[in-house]
Amino acid sequence: MSGADTLPAGVPVALVPGVRALLPENASLTDPVADLRAACLAAVARLGSRVRVHASDAGGERVARSLVAAAGAEVVTPDAADSATGTLVIGNGSAKRTEKAPGHLDERARDFDSALSADLGSAEPDLARELWADVGALALLVGWSLSDADVLYDDDPYGVQCWVAIWERPVKPHSRRIDR
């Protein structure tokens, strides 16, 4: 993410997880996350041909770029953000929802994810870190709820809470700035 990120009004916004299982090299003969991948590709396809990406780390950025390319679109740089036809935000809930989760079971995970789904930008940073939630880019979505979106996927494969959602035309500009 760049130094001063905002979400423009009037362009669709999609949320997808940055889980590495979505990278093309992990889609073998038996795709472990086929339903998740299909939902991500459907959401990204609805963003148009020039997509602005917001991710909290290089791994999430890599997943975003591969999804955008697979959808036949291109990632626009922060300098060209005004020409973006859509915005892709990378993030996911906790990674400690089951015993087999990457972070093992944490009893707080389900309540954390429930609260996060009601306000995607509301995560308490220390708890998010403890629960291995990727919420850095979700700060752009303060006040945004999954209940206001077209949710294409809501599940926890391998104990990681993943959402795929799209807001077609947010009516108000979101001006939250993130300084890194």
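This is a predicted model: local features need pLDDT of at least 70, side-chain atom pairs count only at pLDDT 80 or more; totals for chains, interfaces and linings use all residues.
I then took Val 53 and looked up its contacts, leaving out residues up to four places away in sequence; they are Glu 61, Ala 64, Val 68, Val 75 and Leu 88.

**Sheet.** I traced an open sheet of six strands in the order β3-β2-β4-β1-β6-β5 and found the pairing mixed. The edges are β3 (74-76) and β5 (150-155); each has a single partner strand, so one side of each is left without a neighbour in the sheet. Neighbouring strands are turned by 25° against each other on average, direction ignored. For β1 (residues 13-16) and β6 (residues 162-167) I found an antiparallel run joined by three bridges. Ala 14 has Ile 166 as its bridge partner in β6.

**Ala 81.** I found Ala 81 in the loop between β3 and β4. Beyond residues up to four places away in sequence, Ala 81 touches Arg 52 and Val 76. I also checked Pro 8: it is 73 residues from Ala 81 in sequence, with 8.7 Å between the C-alpha atoms.

**Salt bridges.** My search of the whole structure gave 13 salt bridges. In helix α2, Glu 61 and Arg 65 lie four residues apart, about one turn of the helix, and their side chains meet in a salt bridge at 3.1 Å, N to O. Glu 61 is partly exposed at 22% relative accessibility, and Arg 65 is partly exposed at 43%.

Arg 108 took two entries. Its side chain meets that of Asp 106 at 2.8 Å, N to O, and it forms a salt bridge with Glu 130, with 2.9 Å between the closest N and O atoms. Glu 130 lies in helix α4 (residues 125-130) and Arg 108 in the loop between β4 and α3 (109-118), so this pair ties together parts 22 residues apart in sequence. Asp 106 is buried at 16% relative accessible area, while Arg 108 is partly exposed at 38% and Glu 130 is partly exposed at 40%.

Last, I noted a network of salt bridges linking Arg 97, Arg 110, Asp 113 and Asp 156.

Definitions and conventions:
Residues are numbered from 1 along each chain as its sequence is written. Side-chain values use heavy atoms; hydrogens and water are left out. Two strands pair if DSSP finds at least two bridges between them. Helices (H or I, at least four residues) and strands (E, at least two) are DSSP runs, numbered from the N terminus. Axes are lines fitted to C-alpha atoms, for helices over the stretch in contact, and angles run from 0 to 180 degrees between N-to-C directions. Contact means heavy atoms within 4.5 Å. A salt bridge is a side-chain nitrogen of Lys or Arg within 4 Å of a carboxyl oxygen of Asp or Glu. Buried means under 20% relative accessible area, exposed over 50%, partly exposed in between (1.4 Å probe, protein chains only).
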